[in-house]
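Colleague: I'm new to this structure. Could you show me how to read a few of its features?

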Amino acid sequence: MTRNSVFISIVFLLLFMSGCSQEESKVPLEDVAMVGVMAFDYIEENKTKLTVVIPQYQKAQKNIQTISVTTDIISNGIRKIGKLSDRKVELNQLRVVLINDDFARHEKVKDIIEYLYRNPQVGNKVYIAVVKGSGEELLKEKYPDKQSVIYYLKDLLQPKVTTAFNPNTDIHSFVYTSTSPVFDPILPVLIKKGSNIDIENVALFKNNHMHETITPNEALIIQALQGKKICHHYI
């Protein structure tokens with residue numbers, strides 16, 4: 001066998017082995033926990049309840065799975081969720097992050113958002129909101145006329161051109177305003193009313209914490225000063 005023949009044989013062998021390793025590395029969809037929503041509830045200093053909602057792609061009675069764990073930092077919480085779900089946790093389908101009002105006042109919200117912002121799995125179009133009360137309870141509530149709480153929250157928080165005021169903020173906007181010398185972050189405040197979720201107020205953040213809440217009309221003035229687009233209808 002000539003040297004060229006040996007070289008060609010080795011190349012084909014390497015390509016074949018590479019193809020096999022790629023096939024083996026593929027994880028079936030049912031073995032992946034694709035988190036759609038995360039919620040952070042304050043327990044005490046350095047102790048947080050992390051709740052996630054995961055779509056179910058298998059034939060199951062429920063179309064979502066909700067898991068809650070107690071943790072100190074987000075990375076440990078994600079590991080605990082992976083053990084409970086017995087699946088690999090992925091964040092590339094994350095759409096909404098909820099922070100309950102106690103957490104927003106006591107803990108460093110910016111640290112969590114920056115962790116997600118730096119995570120290569122997480123996209124920029126992930127919306128953030130403050131929840132009045134328990135984020136866990138809001139996610140575990142039944143919304144019979146909605147496909148799932150994931151799509152319900154995503155549609156609620158997605159900016160709409162028909163409203164004059166949009167407090168809806170994604171991860172990119174939050175990081176930008178939190179590091180700006182001119183602007184401070186604002187987030188919508190959600191409240192559960194029966195089987196509905198409404199935007200009640202707007203949270204103003206200062207120095208990594210929620211400073212106060214104001215009405216949508218008051219926030220409209222702030223949004224106008226920030227140069228955001230104004231249309232002709234109010235919420």
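Modeller: A charge sits over a ring if NZ of Lys or CZ of Arg is within 6 Å of the ring centre and within 35 degrees of the ring normal. Here, Lys 146 lies over the face of Tyr 152, 4.7 Å from the ring centre. This is a predicted model, where local features need pLDDT of at least 70 and side-chain atom pairs count only at pLDDT 80 or more, while totals for chains, interfaces and linings use all residues. Residues are numbered from 1 along each chain as its sequence is written, and side-chain values use heavy atoms, leaving out hydrogens and water.

Colleague: How many aromatic pairs does a search of the whole structure find?

Modeller: A pair of rings is described by the distance of the centres and the angle of the planes. Rings of Phe, Tyr and Trp (its six-membered ring) pair if their centres lie within 6.5 Å; planes under 30 degrees apart count as stacked, over 60 as edge-to-face and the rest as tilted. The search finds three pairs. In one of them, Tyr 143 and Tyr 152 have ring centres 5.4 Å apart and planes at 70°, so the pair is edge-to-face.

Colleague: Is Tyr 143 buried or exposed?

Modeller: Buried means under 20% relative accessible area, exposed over 50%, and partly exposed in between (1.4 Å probe, protein chains only). Tyr 143 is buried, at 7%, and Tyr 152 is buried too, at 11%.

Colleague: Which other rings form an aromatic pair that is edge-to-face?

Modeller: Phe 174 and Phe 205 do, at 5.7 Å centre to centre and 80° between the planes. Phe 174 is buried, with a relative accessible area of 2%, and Phe 205 is buried at 4%.
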